[in-house]
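Please look over the structure shown here, and then read the briefing on its pockets, its nonpolar cores and a few single residues.

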Amino acid sequence: MNRNIIITGAAGNLGSAVVDKFKREGFRVIATVAPGKGEEMEEANDIYELDVTDEEKVAEFAKEYTVQYGSELEAVAMLVGGFSMGDFSKTSKADVEKMLQLNFFSAYNLAKAFLPVLKKSGKGTFLFVGAKPALNPGEGKATVAYTLSKSLVVNLSELVAAETEGTEIRSHVFVPSIIDTPPNREAMPDQDFSKWVRPDEIAEAMHYAATNPSLRQTTFKMYGGV
């Protein structure tokens with residue numbers, strides 16, 4: 001029996017690490033990438049171009065999944081996201097809406113569409129990505145839109161856990177501080193990169209969570225030295 005995992009944002013720095021980890025551990029990786037960008041993922045078994053912020057397209061993808069793979073689905077890793085700076089004085093409604101689309105609705109649409117799939121099989125794990133300021137709002141004063149959107153992701157994970165209480169469906173949220181990626185290094189060249197969280201460390205934690213049924217609604221605080 002194949003162990004299937006859906007990984008959104010698979011071509012990103014974190015996505016690539018998660019794809020690599022689960023593939024090496026014997027999972028069949030169904031990856032989604034942004035439409036029209038020519039992103040490739042050689043490590044993935046199957047690749048779909050999908051705008052995860054589009055509720056209807058995600059619903060269609062869920063139907064296609066059941067046609068192609070049935071109801072077997074071990075995990076859904078929702079890695080699409082974005083970051084923006086800005087305190088209240090520099091954050092517009094449009095800024096908040098952009099972050100909500102990238103960070104919250106990209107996860108909400110997947111959770112909503114695939115919850116019935118997991119309920120049909122009676123098991124599976126949702127893997128959400130939060131952010132440290134979402135749990136410590138005082139640290140989000142300079143990233144208001146980003147912090148608000150990630151706070152909703154944390155709440156979403158808790159709502160999914162409540163919805164699936166008493167089943168073998170689980171929900172976890174991974175809360176990194178700064179992830180050590182080339183774009184972040186370029187944006188913050190004077191920082192101590194050794195204190196940041198590496199993508200492969202998050203990938204390891206996600207695999208651990210997805211393969212340990214005893215864990216339920218766990219918040220993985222991955223703050224490194226920051």
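The second largest pocket of this predicted model has a volume of about 180 Å³. In the calculation, made on a 1 Å grid over the protein atoms alone, a pocket is an open set of points where a 1.4 Å probe fits, with protein on both sides within 12 Å along at least five of seven lines, and lining residues have an atom within 4 Å of a point. Grid points are joined across faces, edges and corners, and a volume is the space filled by probe spheres set on the points.

Residues are numbered from 1 along each chain as its sequence is written. Because the model is predicted, local features need pLDDT of at least 70 and side-chain atom pairs count only at pLDDT 80 or more, whereas totals for chains, interfaces and linings use all residues; side-chain values use heavy atoms, with hydrogens and water left out.

**Pockets**

- The lining of the second largest pocket consists of E74, K123, G124, T125, T167, E168, R170, A210, T211, P213 and R216.
- Strands β5 and β6 are the elements that give two or more residues to this lining, and the largest share, three residues, comes from β5; helices (H or I, at least four residues) and strands (E, at least two) are DSSP runs, numbered from the N terminus.
- By class, the lining of the second largest pocket divides into two nonpolar, four polar and five charged residues, where Ala, Val, Leu, Ile, Met, Phe, Trp, Tyr, Cys and Pro count as nonpolar, Asp, Glu, Lys and Arg as charged, and the others, Gly among them, as polar.
- The largest pocket has a volume of about 1,300 Å³ and is lined by 46 residues, of which G81, G82, F83, Y146 and I179 lie nearest its centre.
- Two or more residues of the lining of the largest pocket come from each of α1 (13-24), β2 (28-33), α3, α4 (132-135), α5 and α6 (182-187), and the lining as a whole has 26 nonpolar, 14 polar and six charged residues.

**Nonpolar cores**

- The largest nonpolar core has 39 residues, and those with the most contacts inside it are I6, Y65, L73, V76, F114, F126 and F128; such a core is a set of buried Ala, Val, Leu, Ile, Met, Phe, Trp, Tyr and Cys residues joined through side-chain atoms within 4.5 Å.
- At least two residues of this core are supplied by each of α2 (55-69), β4 (75-78), α3 (93-121), β5 (123-129), α5 (144-163) and β6 (168-176), and the largest share, 12 residues, comes from α3.
- F114 is in contact (heavy atoms within 4.5 Å) with I6, F61, A62, Y65, L73, V76 and F126, leaving aside its neighbours within four places in sequence.
- A second, separate core of 31 residues includes V18, L127, I179 and V197.
- In soluble globular proteins, nonpolar side chains tend to be buried together.

**Buried residues in strands and a helix**

- H172 is found in strand β6 and counts as buried because its relative accessibility is 0%; buried means under 20% relative accessible area, exposed over 50%, and partly exposed in between (1.4 Å probe, protein chains only).
- The side chains of H172 and R170 are joined by a polar contact of 3.5 Å, a polar contact being a pair of N or O atoms within 3.5 Å of which, within protein, one must be able to donate a hydrogen and the other to accept it, while residues adjacent in sequence count only if both atoms are side-chain atoms.
- N4 lies in strand β1 (residues 4-8) and is buried, at 1% relative accessibility, while its side chain makes polar contacts with the side chains of R28 (2.9 Å) and Y65 (3.1 Å).
- V154, placed in helix α5, is buried at 7% relative accessibility, and, not counting residues up to four places away in sequence, V154 touches G130, A134, L135 and V173.

**Partly exposed residues in loops**

- E72 is found in the loop between α2 and β4 and counts as partly exposed, with a relative accessible area of 25%.
- The C-alpha atoms of E72 and G122 are separated by 9.5 Å, although these residues are 50 residues apart along the chain.
- Q217 is found in the loop between α7 (199-210) and β7 (219-222) and counts as partly exposed, at 26% relative accessibility.
- Phi of Q217 is near 45°, a positive value in a residue other than glycine, and most residues other than glycine have a negative phi.
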